[in-house]
Amino acid sequence: MTIDIAAKAKALVDTVLAEPANDHDIDLVQRQLGRYPRGMVAVGARCVCGRPLAVITRPVLPGGIPFPTTCYLTGPEAVKAASHVEAAGVMQQYNDMLASDEELKAAYEQAHNLYLAFRHELAGRLGDSEEHIEGTSAGGMPVRVKCLHALLAQSLVMGPGANPIGDLVLERVKDEFEPTVCRCTLDD
Ligand SMILES: [Zn+2]
């Protein structure tokens with residue numbers, strides 16, 4: 001299982017680094033976020049139209065700032081959809097499910113391990129230190145659900161099955177957001 005995760009993480013990083021962020025991507029993400037995306041390495045997931053949905057950020061930002069949220073949600077429609085689910089109080093449901101469903105709990109721990117393996121591989125390729133973020137993933141993993149944006153970002157970057165809660169969020173919001181249906185409003 002450990003070998004599977006390492007191999008999967010390596011393949012994911014290969015894919016991400018095959019197409020590093022270009023100026024156009026960085027400009028689009030800057031306008032999505034309303035700030036310059038420091039440490040952005042690549043676009044990790046795109047809308048069917050090509051606009052970024054989630055970006056990959058390096059483990060250490062310029063200036064030496066440790067940054068654990070390697071998969072970061074940027075697509076405004078995706079961000080809004082995740083916020084709507086949070087506002088509806090669904091995080092408590094997910095936490096209750098994690099507490100009562102052993103299979104889900106195990107899959108969520110695997111999502112955490114894959115997140116860490118992905119970042120470890122990325123850190124190795126970029127020469128970044130993980131000293132200050134070792135063992136820290138995102139979104140509340142491995143035992144709590146605290147930020148659906150982070151979990152949805154992992155699902156979009158790593159695909160179905162990588163994060164069970166992110167997958168639930170994606171399923172839940174599909175009338176509002178899904179990567180295969182362009183509802184983007186940002187100009188090129
Ligand atoms: Zn689009």
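Trainee: What spacing do the donors of the zinc ion follow along the chain?
Mentor: The spacing is C-x1-C-x132-C-x1-C. This is a predicted model, in which local features need pLDDT of at least 70 and side-chain atom pairs count only at pLDDT 80 or more, while totals for chains, interfaces and linings use all residues. Residues are numbered from 1 along each chain as its sequence is written, and side-chain values use heavy atoms, with hydrogens and water left out.

Trainee: What makes Cys47, Cys49, Cys182 and Cys184 donors of the zinc ion?
Mentor: Donors are N, O and S atoms within 2.8 Å of the metal (3.2 Å for Na, K and Ca); water is not among the atoms, so sites may look incomplete. The SG atoms of Cys47, Cys49, Cys182 and Cys184 lie 2.2 to 2.4 Å from the zinc ion, so they count as donors.

Trainee: Why is the site of the zinc ion called tetrahedral?
Mentor: Four donors count as tetrahedral if all angles lie between 85 and 135 degrees; four count as square planar and six as octahedral if opposite donors are over 155 degrees apart and all others between 65 and 115, and anything else is irregular. The angles among the 4 donor atoms are 105 to 116°, so the site is tetrahedral. Cysteine 49 belongs to the loop between strand 1 (40–46) and strand 2 (52–57), and cysteine 184 to the segment after helix 7, so the pair ties together parts that are 135 residues apart in sequence. Here helices (H or I, at least four residues) and strands (E, at least two) are DSSP runs, numbered from the N terminus.

Trainee: Why does cysteine 49 count as partly exposed?
Mentor: Buried means under 20% relative accessible area, exposed over 50%, and partly exposed in between (1.4 Å probe, protein chains only). Cysteine 49 has 36% relative accessibility, so it is partly exposed. Cysteine 184, at 23%, is partly exposed as well.

Trainee: How do you know that threonine 57 is buried?
Mentor: Its relative accessibility is 5%, so it is buried. Threonine 57 is in strand 2. Contact means heavy atoms within 4.5 Å, and, leaving aside neighbours within four places in sequence, the contacts of threonine 57 include Arg38, Met40, Phe67, Tyr72 and Leu122.

Trainee: What makes phenylalanine 67 and tyrosine 72 a tilted pair?
Mentor: Rings of Phe, Tyr and Trp (its six-membered ring) pair if their centres lie within 6.5 Å; planes under 30 degrees apart count as stacked, over 60 as edge-to-face and the rest as tilted. By this rule the count comes to 1 aromatic pair. The rings of phenylalanine 67 and tyrosine 72 have centres 6.2 Å apart and planes at 40°, so the pair is tilted. Tyrosine 72 is partly exposed, at 28% relative accessibility.

Trainee: Which residues touch the most other members of the largest nonpolar core?
Mentor: A nonpolar core is a set of buried Ala, Val, Leu, Ile, Met, Phe, Trp, Tyr and Cys residues joined through side-chain atoms within 4.5 Å. In the largest one, of 46 residues, Phe118, Val145, Leu148 and Ile165 touch the most other members. A second, separate core has 5 residues, including Ile26, Met40, Val43 and Val55.

Trainee: How do you know that helix 6 is mostly covered?
Mentor: Of its 11 residues, 11 are buried. Among them are Leu148, His149, Gln154 and Met158. Helix 6 is followed by glycine 159, whose phi is positive, near 90°.

Trainee: Against which helices do the buried residues of helix 7 pack?
Mentor: They pack against helix 4 (90–100), helix 5 (102–126) and helix 6 (148–158). The buried residues of helix 7 (residues 164–172) are Pro164, Ile165, Gly166 and Val169.

Trainee: Why does glutamate 103 count as exposed?
Mentor: Its relative accessibility is 68%, so glutamate 103 is exposed. Glutamate 103 is found in helix 5. Its C-alpha is 19 Å from that of glutamine 154, 51 residues apart in sequence.

Trainee: What makes aspartate 25 buried?
Mentor: Aspartate 25 has 3% relative accessibility, so it counts as buried. It lies in helix 2 (residues 23–33). Not counting residues up to four places away in sequence, aspartate 25 touches Met40, Val43, Arg46 and Pro52.
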